[in-house]
Amino acid sequence: MKLKSLLLVSGALLAGTGSAVAGGYQVTLAGIKNNGMGGVGVGLSLDQAAMFYNPGALAMVRERGVQLGGNVTLARNAFVAEGSNIQRELRNSVVTPFSLYASFGPAEGKFRAGLAVYTPFGSKLGYANGWEGRTSLTDIDLKSVFVQPTFSYAITDELSVGAGLVVLAYGAVNLQRDIALPDSYGHIELDGKAKTKLGFNAGIYYKPSDKLSIGISHRSKIDAVVDNDGDVTFTNIPESFRSRFQATKFGATLPLPATTSVGIGVMPNENLTIGFDVNFVQWSKYRELRFDFDQPINGQNTSVSKRNYEDALTFRLGGQYKLTSGLTVRAGGSYDMTPVPDGYVTPETPDNDRISGTVGASYAFGKFSLDLSGQFIRIQKRTETQADLINNGTTDRVAGTYKTNIVIPGLGLNYAF
């Protein structure tokens with residue numbers, strides 16, 4: 001077994017614990033209203049989800065309240081190996097990320113305090129049995145939970161600031177792959193949990209008039225770490241080969257990049273709100289992925305796999321219109337530039353530029369309101385040739401073409417007090 005192949009699979013271990021910006025191994029699912037508007041929110045003060053998009057806007061959310069949201073991600077993935085016309089469909093899987101927000105403060109006061117719990121990352125992929133990349137990846141299951149206590153203060157009626165302590169409270173993974181042996185295939189399973197780590201999320205919100213608002217926010221880089229306590233398990237390894245597979249534990253560190261976002265809100269009238277966001281993600285910090293093993297695998301305890309990601313931008317546009325006193329409808333879209341260069345695509349993140357369209361609606365009744373959203377995401381077809389892999393020294397991956405479409409319905413419930 002090649003160490004780089006093991007590292008490729010292990011590389012997804014922390015992929016579920018990044019900052020919530022689409023592209024690479026990230027998906028934005030932080031607020032149901034925002035989801036229906038293409039994911040905008042940095043320059044708006046829609047509801048308690050401002051804690052995620054721009055903590056500075058929370059003080060401008062007049063209603064205190066509790067907000068619970070959930071999504072269901074339904075992905076359709078396919079792969080065709082280079083030189084083949086056989087399409088390998090992934091086994092269907094469902095992931096259910098959620099969010100919880102609660103804000104408090106005096107009704108007419110200048111500050112709001114709040115607590116956010118969200119799972120912006122969660123992935124479950126299962127490739128077809130016997131697919132061409134089985135020695136790179138067969139299954140991946142990622143889970144993560146973030147907690148963010150937040151404080152926001154209105155300096156004036158037009159200007160507010162805010163910040164939150166971002167806590168990577170829980171991150172877990174289970175990854176599996178096959179191992180090519182002379183007369184059979186063995187199997188490896190990696191199971192690990194990331195250490196609790198801290199970062200911050202801060203923002204400024206400015207609304208000079210009833211028709212315009214501007215926001216800027218910054219989420220810090222966090223290093224997600226498996227501290228030499230990830231479990232490595234081998235199965236179906238013949239006795240004659242077991243001496244080559246001695247590792248039982250591993251450790252790794254993945255830099256989760258900083259994200260800076262700018263947003264603008266335009267309110268032509270009291271019923272219509274339009275938002276536009278740009279996110280800048282410092283993916284270029286992710287140059288390589290290093291793994292350390294407690295025991296040698298094929299005589300080595302350490303291996304490094306190239307990543308060489310590039311900084312990337314995401315553009316989001318969306319709007320909402322209040323049809324009646326209770327009913328509001330939404331629509332939007334986004335374009336996400338991939339940070340993954342040619343020759344560096346991996347099976348756990350078969351990424352490319354993404355185009356998405358969204359719709360949503362809310363209905364308010366008394367102190368309660370119900371939110372609905374729907375997203376369709378098309379990850380552009382991505383072909384990676386064997387020549388690309390050879391030129392970049394990334395032959396630990398598999399050459400071929402990936403196609404991915406994702407449908408994400410969402411449901412939210414709000415209570416204002």
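Start with the largest pocket: 39 residues line it, and those nearest its centre are Lys33, Ser45, Leu46, Glu63 and Gln320. Here a pocket is an open set of points on a 1 Å grid over the protein atoms alone, where a 1.4 Å probe fits, with protein on both sides within 12 Å along at least five of seven lines; a lining residue has an atom within 4 Å of a point. Keep in mind that this is a predicted model, where local features need pLDDT of at least 70 and side-chain atom pairs count only at pLDDT 80 or more, while totals for chains, interfaces and linings use all residues. Residues are numbered from 1 along each chain as its sequence is written, and side-chain values use heavy atoms, without hydrogens and water.

The largest pocket holds about 1100 Å³ of space, a volume being the space filled by probe spheres set on the points, which are joined across faces, edges and corners.

Now for the loops. Asn308 sits between β18 (300-306) and β19 (312-322), and its phi is positive, near 50°, though the residue is not glycine. Asn236, in the loop between β13 (222-235) and β14 (249-256), also isn't a glycine and has a positive phi of about 60°.

Key:
Helices (H or I, at least four residues) and strands (E, at least two) are DSSP runs, numbered from the N terminus.
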